[in-house]
Every structure is written in structure tokens, then in C-alpha cells.
Amino acid sequence: MAATELRGVVGPGPAAIAAPGGGGAGPPVVGGGGGGRGDAGPGSGAASGPVAAAAAGGPGPGAGGVAAAGSAPTPPAGGSGSSGAGGSGSAREGWLFKWTNYIKGYQRRWFVLSNGLLSYYRSKAEMRHTCRGTINLATANITVEDSCNFIISNGGAQTYHLKASSEVERQRWVTALELAKAKAVKMLAESDESGDEESVSQTDKTELQNTLRTLSSKVEDLSTCNDLIAKHGTALQRSLSELESLRLPAESNEKIKQVNERATLFRITSNAMINACRDFLMLAQTHSKKWQKSLQYERDQRIRLEETLEQLAKQHNHLERAFRGATVLPANTPGSAGSGKDQCCSGKGDMSDEDDENEFFDAPEIITMPENLGHKRTGSNISGASSDISLDEQYKHQLEETKKEKRTRIPYKPNYSLNLWSIMKNCIGKELSKIPMPVNFNEPLSMLQRLTEDLEYHELLDRAAKCENSLEQLCYVAAFTVSSYSTTVFRTSKPFNPLLGETFELDRLEENGYRSLCEQVSHHPPAAAHHAESKNGWTLRQEIKITSKFRGKYLSIMPLGTIHCIFHATGHHYTWKKVTTTVHNIIVGKLWIDQSGEIDIVNHKTGDKCNLKFVPYSYFSRDVARKVTGEVTDPSGRVHFALLGTWDEKMDCFKVQPAAGENGGDARQRGHDAEEGRVLLWKRNPLPKNAENMYYFSELALTLNAWEAGTAPTDSRLRPDQRLMENGRWDEANAEKQRLEEKQRLSRKKREAEAMKATEDGTPYDPYKALWFERKKDPVTKELTHIYRGEYWECKEKQDWSTCPDIF
């Protein structure tokens, strides 16, 4: 061993073995770890890494090399430690200072290192009857903190923070500990030799034997080549020697010597290569069983964890079913259906549950209809049987009667089962928009249709357009903002990810005075542009990018983008952003949704602002669930209105009356207490009857996917997989969804190939552009966004869809 290597292990300098990032000599920040029976040991989180990791690998430039060199540590001059010659047969024993707690600090303890175990006692005499703690060095990490301090941790509850009397004493202990650790690891490996065969499956053993056999044959081939190289090299050198004996010009002799030297170097290099290959084979044979056992152990642990979680999910499901069976039955009696939130909370029993087994069941008999045709459900087909009148005639009859009458039912959700854990366990930490999901997790609406649902309470904007006071108008805009979340309270299924170029229109100009258009303008990241205009004096536009992350226990959905609302008469321009939606109990328990965050609504013309706070749900809070609070302020910051309510029920408004000599906070409080000053801005509409069997759709949501004549060929109503799912044919819907996604991937690859070819040729290439929206800088927010360019409704009137792509 080189002198520098030996000095790096046993020398007094701590830098040679200190782990990177080693801290100072102070105690750990977190206390309470298991330090033995006598002391309250410090936390185990302070260890910063292993020391002299090469010690476990045999002789080399580490502590193992010290053992080979025979440099055994000696006791210090002060007599605080002794070597293996002691009466107890220990490798080392002596006094060290051990950290106990923040009150007592470091306390003097007697430590004994023997047979790969480090034990400590309060005194030397206590060795005969009471051991205060023991660490097995085979699985321990040894970390040096500074000149006198070091840490021993087994990665679990046991962590010893120790301090020696001097740097030399500390170095002797660390060296002895590293030697003992190396021996303990070696003994552990030898003791596991007999158990290796049982821990490895027959297939793994066969594969391992084949690999070793192949390695051995290759090394034999290399040895043969080595012998041949040596033989031919000797013959070559003999020939060169004979050439040297000949009478040749001096220049030739120099060349021959040069060739001779190169041949010798080549033979030496070949021998070194063969020796290295032989060493590698020996190493593989020595450690392969241990590695294989460790790998198999990790596999078994993973499988055991999956089985445990799955069993836990099953138990939760059974408990929920038992609970519902005991509480839901009375709600099924006539006249007990109720409305609003009470109706939804009653649940739908086992029909809404995910089954525990990984198999599909046939759907119950449901209402069917052609894939491109919708129809109105009547009371005669509630049981799921088909109506006597043909669907075509029924639908034509509806159109002839009135266009204002909308459908109020869709086929009930069938009881298709799917093992949720088998799919979601591979999605942790990933963005769900990039993972192909079966329709079992979906509802029969696209994201474009969900975006259009923001207009369910459009009458709030109609009332806001009539307000002459800008602050009162801002109150109605804030209520409209909150109302857009009321449709999500029971909607735990995800909408379909729209295809690139997919559109959705909602023409309610005659009934409600507005019409809306959405288009999917980007696929990765998913982005949808929305434009709605009303003859009642307002325009709403937005571009929303959805990002989502699955965190194991919950799913976070983060909408990015700005929403704009413009009132034509006054020119008031409001902007705001959406809050984060969180879906809880993804794996175990009943799914529930929460909204959290803050929304700032700004009037860019007057400077008025409204700050809305969505309070996250907490088990320990006394506040009402899903609470929302807000304040409407003028440009000077003075509060004029206070808002209070919940995002799933209603929003109230209180006018703040400033009082002389009192601050705004007192005035706001008094305004809350004054019931006569309460104004109801918005209240959620009750859900339709049997909504729990229809994905908890609102009255508006039930009509969104109804077939309409004259829409663009890219409209979401014409999407086949979504239509199949609505009709209860989920197996066919999954196959159709896969076909559409593959078609979209091929289109994207084609565009990428065209872009690459254009780049190589130097010709201009136009990237993908939305059909009805144009990407440009917003004049108010200065953001790049998609703004409606017009012409859609004109093309619909002419029925000219020649520019629409073929996406379905």
C-alpha cells in the first residue's frame, strides 16, 4: 500500500475519512432516537454518510488495507482504551462521551467493541449485569463530524453521537470500528451462503449459472489468447534478436530495437487485461449470490407492499358498502329523495364503487341510441328499457315541437369494475395528461364541455352588466367566479382529454342570450381556448392550460391561464385566475374534492379589486367546509363589500359601513353581524333527480353532449369513444379511445417530420395553428394567449366546414 493511502486512513487528520458535507461538533437538531435503555439518544437524522466505504470490500486503499498491513491501533497514553488483549476478549474498549439529551449533553460512557457489536455501559463494572445499548456494525454507518466527534447509525432508530478525548483517540476508535465492520460484513456474507439457494428462484439460479458459465468460457478464451500472444511474442522477440545479430546498417538496428520494445509492451498489456478479467470473474462469483438475494428481497418487499395496500383498499370498500347498506336504505323510500346537497350525499350504493377484483362485469340493461343521435328520456324508460317509439322519430318529434326543450336524463352509469391500484401505482409523480387511461376513470364529457359549464350561472353576468356601480358589479363577477366550482363538488371522474383541433359550441342565443365556442389549441401541454359572448352586454374569454400531478394519496390539478370578462356598456375589463383543485383518497377511501388558494379579480379600468380566499378543508377547523371569504376594495385599498359563503352552496355580500374613529376591521365585523345588510348574490341550483346515477351532472351538463344538427365535424358531441361511454358500452369506448389517440400520435409525428424536413431544406414551415383562435399578445395582461378570430358562426350558418381537420 502506498504511504499516502496508509496515512489517509490512520493519520491524525480528519479530512481523510470525513464524509462530504460533515457538520460541526454540535449535537443533532432532532432528539428522541433510540439510544439504548439508559440514555435518551439523539435523532437518527443527523448522519451524513458512510465513512471509509472501501473497508467492506477487502484489502485496498481503505481501512481494510490497514488490517492487511498489520497496523493495529494502540491504547492512548491516558489509559482510556485497551486493545484486544483485554480480559473480555473484545477488539477494543474504553471511555467515550455520548450525547444523551439537551439537558445533560454529553455523558461519559464505557464502550466495548466485540464480534462486530458496539455496546455501551454507564461504567466498567456495569458490564457484568446491564447493557445500555448495542449496534450491529454490519449494517451501520460511521461518520466523522470534526476532530473529536463521530456518529454511528444503523439507519433506523439507533444513532450514537460520540466524542473522544482527543483527535488521536477518535482516529483509533474509527479505525477499529471500520475493521470490525469489514469483518462483520464478511461474516454475514459467509453465514448467508447456505441460505442463498433458498432465497433465489429456480429461474434466477439457472440464469445466474448460465451467466457465470459464459463468463468462465470467455475468460478461458482470453487465457488461450494470452498463451498464444505470449508464444507468438516470444517467437517474435527471438526473430528480432536474430535480426540484431545480423550485420545490418545502424539505422536498421535502431528500428529493430524499437519494434522489440513495442512487442514487449503489447505482451505486458495483454497479460494485464487477462488478469483483470480473471479478477472480475472472481468478484462476480463471490458476490453474485449476495446481490441476487438482495434483489429478490426488494422484489418480495415491493410485492408485499402492493398486496397490503390492495387489501387495505378492499377492507375500506367493504366497510363503506356495509355503512351505506345500513344508512342509505331508508332514503330510498318514496318522498325521501330531497334535493340539493342532501340528495347527493345519500349516495348511490354499490353502483358507484370500484370493485376489488381486476375484471369487468356486464353492464345492466341501459338506454341505447345511435352514436350520432341523442334523444329525450321519458318516464317510461327510467327502468332502462327502450321506448316503443323509434329513436329517430322521437328525436325528430322533439325538434319539431321545440328547440328549447333539453334532455333531462342520460343512461345510468353501469357498474363496470376495475382494479384502481393496478393502474394508479405506476402513475405516481407523473402528469396524468400524458398517461393513457381507460374510460373507467372518465365521465362522458370532454374538457371543453367542462369549461363551458362555467356559464351555468350566466345570469350573474347578466345582472352585473346592469349594475351602474363598478364595485357592485365586481361583487357579481366574484360570485360568478365562485359559482364555476359548484359543479365539481361531487364530480370525481375526469373529463376526456380533447384531441388537438377538437371544438365544442353551445348556442343558447335564443334561450339565454349567449353562445360559446371552445377549441383545443395545444395537446402538450393541454390547452383550450374559450370565447363566449352575450347579447346582454358581456364577453367572457379564457385560455386554460391544465397540469396535474398524482402524488399517491391525492391528485392535484393546477389550471394555468387568465380569464377575461368585458362589459360592453361600461368598458370594464376584469381578469382573474383559477385556484388549485385537489382530489383526495385516490387509492383508499371515498373520493372527495377540495378547492384551495386565492383569486385576485382586477378591474383594469377603475383599479377596483376583489380578493377571494378558498379555505382548504381541515379536520381540526371549526369553520364550515368549503368556505370562501372575500373583500372588494377601491384603488385606495378601502373595503366597500365583504363576501362570505361556500363554493358549493352560495355567496352572500355585506356592505361595509365605515364609522368615524374606527378602523375598517371593526366596521367589517359589524357589517357581518348585521343580518339586515346581507345580500344573497348566488345560490346553487339543486341537482336533477337520480343525479348520483348520472355522474352527478347538473341540468346544464346533462344537455351538453346531446346531439345537435349543424355543428362542426370536430365538435365533441361527435366524438365516438365519448358517445359509446355515455351509452354504457365501455369496452368499445376503450378500443375507440385507443384508436383516436393513435391517430393523433401519427398526425403529430407527421407534423414533426415535415418540420424537420423544412429545417433541413431551409424552407419556411408553419407550425400548428388553431382554426378559430389566433395566438397573440393580450393588450391588457401582455401575455401570449389565443383570442377568438371570428368566422365560426358564419361558417355554421353557411355549413361550410371545409377547413376543419379530420380528427375523429
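This is a predicted model: local features need pLDDT of at least 70, side-chain atom pairs count only at pLDDT 80 or more; totals for chains, interfaces and linings use all residues.
**View 1**

**View 2. The side chains of β20 alternate between two faces.** In a regular strand, side chains alternate between the two faces of the sheet. Along β20, Cys-610, Leu-612 and Phe-614 point to one face and are buried.

**View 3. Tyr-617, Tyr-619 and Phe-620 make a nonpolar surface patch.** The patch covers about 470 Å². Phe-620 belongs to the loop between β20 (609-614) and β21 (627-633). This residue counts as exposed because its relative accessibility is 79%, and the cut-off for exposed is over 50%.

**View 4. Thr-575 meets His-604 in a polar contact.** Their side chains are joined at 2.7 Å. Thr-575 is part of strand β17 (residues 573-576), and its relative accessibility of 6% makes it buried. Leaving aside residues up to four places away in sequence, Thr-575 touches several others, among them Thr-562, Ile-563, Asp-600, Val-602 and Thr-781.

**View 5. Glu-453 and Arg-450 form a salt bridge.** The N to O distance is 3.7 Å. Glu-453 is buried, at 1% relative accessible area, and Arg-450 is buried as well, at 14%. Both belong to a network of salt bridges that also links Glu-443 and Arg-491. For context, the structure holds 30 salt bridges.

**View 6. Glu-649 and Arg-684 form a salt bridge between two loops.** The closest N and O atoms are 3.2 Å apart. Glu-649 lies in the loop between β22 (639-646) and β23 (650-655), and Arg-684 in the loop between β24 (678-683) and α14 (699-704), so the pair ties together parts 35 residues apart in sequence. Glu-649 is partly exposed at 24% relative accessibility, whereas Arg-684 is buried at 10%.

**View 7. Glu-732 forms a salt bridge with Arg-729.** Here the closest N and O atoms are 2.9 Å apart. Glu-732 is partly exposed, with a relative accessible area of 41%, and Arg-729 is partly exposed at 28%.

How values were computed:
Residues are numbered from 1 along each chain as its sequence is written. Side-chain values use heavy atoms; hydrogens and water are left out. Patches are made of residues with over 30% relative accessible area and no salt bridge: like charges are joined within 9 Å, nonpolar side chains (Val, Leu, Ile, Met, Phe, Trp, Tyr) within 5 Å. Accessible areas come from the Shrake-Rupley method with a 1.4 Å probe; for residues, only the protein chains shown count as cover. A salt bridge is a side-chain nitrogen of Lys or Arg within 4 Å of a carboxyl oxygen of Asp or Glu. Helices (H or I, at least four residues) and strands (E, at least two) are DSSP runs, numbered from the N terminus. Buried means under 20% relative accessible area, exposed over 50%, partly exposed in between (1.4 Å probe, protein chains only). A polar contact is a pair of N or O atoms within 3.5 Å; within protein, one must be able to donate a hydrogen and the other to accept it, and residues adjacent in sequence count only if both atoms are side-chain atoms. Contact means heavy atoms within 4.5 Å.
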